[in-house]
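Please look through the sequence and the model below before reading on.

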Amino acid sequence: MDVGELLSFKPEQTPKRPSDFDRQDDDDDDDGGGGGGSPGPKARPQQRAQKVRRTEQDTHVRSKPVLPAKEPQISEQERLDILKFVETEEPDGEVLDESGLKKMLLLFEKRVLKNQEMRIKFPDNAEKFMESEIELNDAIQELHAVATVPDLYPLLVELNGVASLLELLSHQNADISVAVVDLLQELTDVDILHESLDGAETLIEALRNQQAAGLLVQNLERLQESVKEEADGVHNTLAIFENLIEIRPEIAKEVAEQGLLQWMLKRLRAKLPFDANKLYCSEILSILVQDSNENRVMLGTIDGIDVLLQQLAAYKRHDPNSAEEQEFMENLFNTLCSALMARENRDKFLKGEGLQLMNLMLREKKLSRNGSLKVLDHAMSGPDGRDNCNKFVDILGLRTIFPLFMKTPKRNKNRLLGTDEHEEHIVSIIASMLHNCKGSQRQRLLAKFTENDFEKIERLMELHRKYLDKVEAMDREIDQQMRTEDDEEQDDDAIYVKRLSGGLFTLQLVDYIILEVSCTDVVKQRVLKILNLHHGSMKTIRHVMREYAGNLGDASDSDWREQEQAHILQLIDRF
């Protein structure tokens with residue numbers, strides 16, 4: 001009896017004993033044969049039938065011994081021992097070893113050669129080489145066993161198994177190349193690679209040396225996604241790239257240079273119905289430009305900014321039709337935000353009328369409004385956003401952004417942007433415009449803060465109080481944590497980052513706007529009046545901004561940093 005039968009064992013059901021009522025019926029039947037009141041002729045056959053059934057039942061009962069109705073009892077320790085045995089039981093199949101891998105690869109190489117010979121000998125007669133092709137496919141399927149033992153990857157590479165597999169990516173039969181892609185996807189699975197660091201390192205280096213990314217992209221070019229098997233091949237190819245980049249992020253630059261970036265833009269432009277491959281394509285595109293400035297610049301040089309804007313334009317007046325399509329739209333927005341971190345792409349975004357599209361999205365109040373806010377924030381921030389800031393004022397963007405500043409939209413299940421995040425982006429956009437706009441555009445921006453009886457100043461001070469409370473609460477939390485963990489050294493940078501995420505970043509932006517708009521005495525008097533009304537202090541604003549100037553940003557551009565610090569300190573002194 002194996003373990004499964006032991007755990008599911010149940011005793012046989014005990015047959016039902018005849019009751020006293022049944023015995024009484026038997027006695028009545030015996031008595032009824034000769035006494036008075038005998039049944040009529042119609043009742044006799046029915047009684048005889050009942051008698052026969054009871055006789056058979058009694059015979060059946062007598063033929064089987066009566067067992068006690070008692071379930072077998074297993075102690076808790078015995079149950080735990082059984083479960084432990086099940087978990088540690090060795091599998092029935094043999095585990096692949098070096099000898100088995102060598103035999104498997106030898107058979108695989110023989111099948112490859114035989115298929116090549118048959119194709120050369122009978123190039124126009126598929127029936128002649130079809131059998132060898134089936135055998136080759138079977139040999140590829142058998143190699144899936146190697147993925148269960150990643151410690152054998154170095155031997156697989158040493159015996160030229162990886163090189164032979166990559167050669168088959170250009171096989172005339174797309175089914176063979178799809179089978180190879182499926183195998184490579186399993187071999188590069190992240191969970192499997194983590195089981196053997198040496199095996200993972202050897203396999204990835206072999207794939208890089210063999211220019212696997214370029215070969216995979218060439219194979220992508222010929223796959224027809226209208227065929228389900230080939231569409232699966234496209235999906236698995238993208239999974240290979242994702243696996244490799246997750247293990248070695250620097251590979252992102254290599255795969256982009258070997259044609260993947262170009263192919264993905266072509267795939268996005270293709271007029272095909274939305275499917276899983278299009279979604280996956282947007283995910284990989286977002287990963288490629290997330291941390292690589294070289295890939296961001298390359299995306300701009302091959303018209304990637306225009307492609308992204310064209311794809312996003314579909315969601316200007318219409319929401320995505322499904323959760324998957326919504327994820328696709330968000331991936332495109334994230335890709336565009338990453339691309340705009342490269343200085344070269346800001347001008348392409350401006351010339352491609354990206355500002356006009358984002359402005360329309362803000363007005364339409366669709367799901368795309370969340371993404372458009374983030375894109376505008378990235379496009380207008382820093383010294384490289386000067387042209388975009390001035391253009392945004394010219395296209396009447398102030399009429400769009402200030403209503404959102406005055407009233408944060410309520411969050412629901414469809415509006416995924418939280419209140420704090422929404423306010424952060426809005427405040428950041430206004431701060432960027434105050435910093436970058438000059439001349440008439442700056443005058444139009446400052447005039448917004450004085451209209452309607454300084455309502456925007458009231459809102460600005462309301463945000464100042466809200467985020468000051470958040471920061472003070474965060475500081476108390478950090479102090480409490482430091483008191484309980486005084487044995488450990490606290491990293492000042494980590495603490496500052498925690499304070500920034502706890503509301504300090506938005507507070508700094510709000511206070512920066514307060515300093516910028518207080519250039520006129522009328523506005524400054526209104527700010528002081530509101531501060532006194534709520535028991536606030538100018539010292540608090542000055543302290544926040546001095547801390548902001550002291551931790552100001554981009555170390556790679558020291559000239560800009562020094563200039564910006566001087567500007568902020570000048571604003572503080574004037575305030």
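Leu 260 touches Val 217, Leu 220, Phe 241, Val 255, Ile 284 and Leu 288, where residues up to four places away in sequence are not counted and contact means heavy atoms within 4.5 Å. The model is a predicted one, in which local features need pLDDT of at least 70 and side-chain atom pairs count only at pLDDT 80 or more, while totals for chains, interfaces and linings use all residues. Residues are numbered from 1 along each chain as its sequence is written, and side-chain values use heavy atoms, with hydrogens and water left out.

Buried stands for under 20% relative accessible area, exposed for over 50%, and partly exposed for what lies in between, with a 1.4 Å probe and protein chains only. Of the 575 residues of the chain, 43% count as buried. The chain holds 30 helices and 0 strands, both taken as DSSP runs (H or I of at least four residues for helices, E of at least two for strands) and numbered from the N terminus. Among contacts between residues at least 6 apart in sequence, 76% join residues at least 24 apart.

Two helix pairs can be followed in detail. Helix H13 (residues 228-247) and helix H14 (residues 251-269) have axes that come within 10 Å and cross at roughly 155 degrees; the axes are lines fitted to C-alpha atoms, for helices over the stretch in contact, and the angles run from 0 to 180 degrees between N-to-C directions. H13 and H14 are therefore roughly antiparallel to each other, given that angles over 145 degrees count as roughly antiparallel, under 35 as roughly parallel, 65 to 115 as roughly perpendicular and the rest as oblique. The crossing of H13 and H14 is left-handed, a term used if the near helix is turned anticlockwise from the far one by less than a right angle, with clockwise giving right-handed. On the H13 side the contact is made by Val 234, Leu 238, Phe 241, Leu 244 and Ile 245, and on the H14 side by Ile 251, Ala 252, Val 255, Leu 260 and Trp 263. By class, the residues of this contact are 10 nonpolar, no polar and no charged, where Ala, Val, Leu, Ile, Met, Phe, Trp, Tyr, Cys and Pro count as nonpolar, Asp, Glu, Lys and Arg as charged, and the others, Gly among them, as polar.

The second pair is helix H17 (residues 304-313) and helix H18 (residues 323-339), which pack at an angle of about 150 degrees with their axes 10 Å apart, and this makes H17 roughly antiparallel to H18. The contact joins Ile 305, Leu 308, Leu 309, Gln 311 and Leu 312 of H17 with Phe 328, Met 329, Leu 332, Phe 333, Thr 335, Leu 336 and Ala 339 of H18, and it has 10 nonpolar, 2 polar and no charged residues. H17 passes H18 in a left-handed crossing. Because 7 of its 10 residues are buried, H17 is largely enclosed by the rest of the structure; its buried residues pack against H14, helix H15 (276-290), helix H16 (293-301), H18, helix H19 (343-351) and H20.

Asp 453, found in helix H26, has a positive phi of about 55 degrees although it is not a glycine, and Asp 453 is exposed at a relative accessible area of 56%. His 535, in the loop between helix H28 (521-533) and helix H29 (538-550), has a positive phi near 60 degrees and counts as exposed at 76% relative accessibility.
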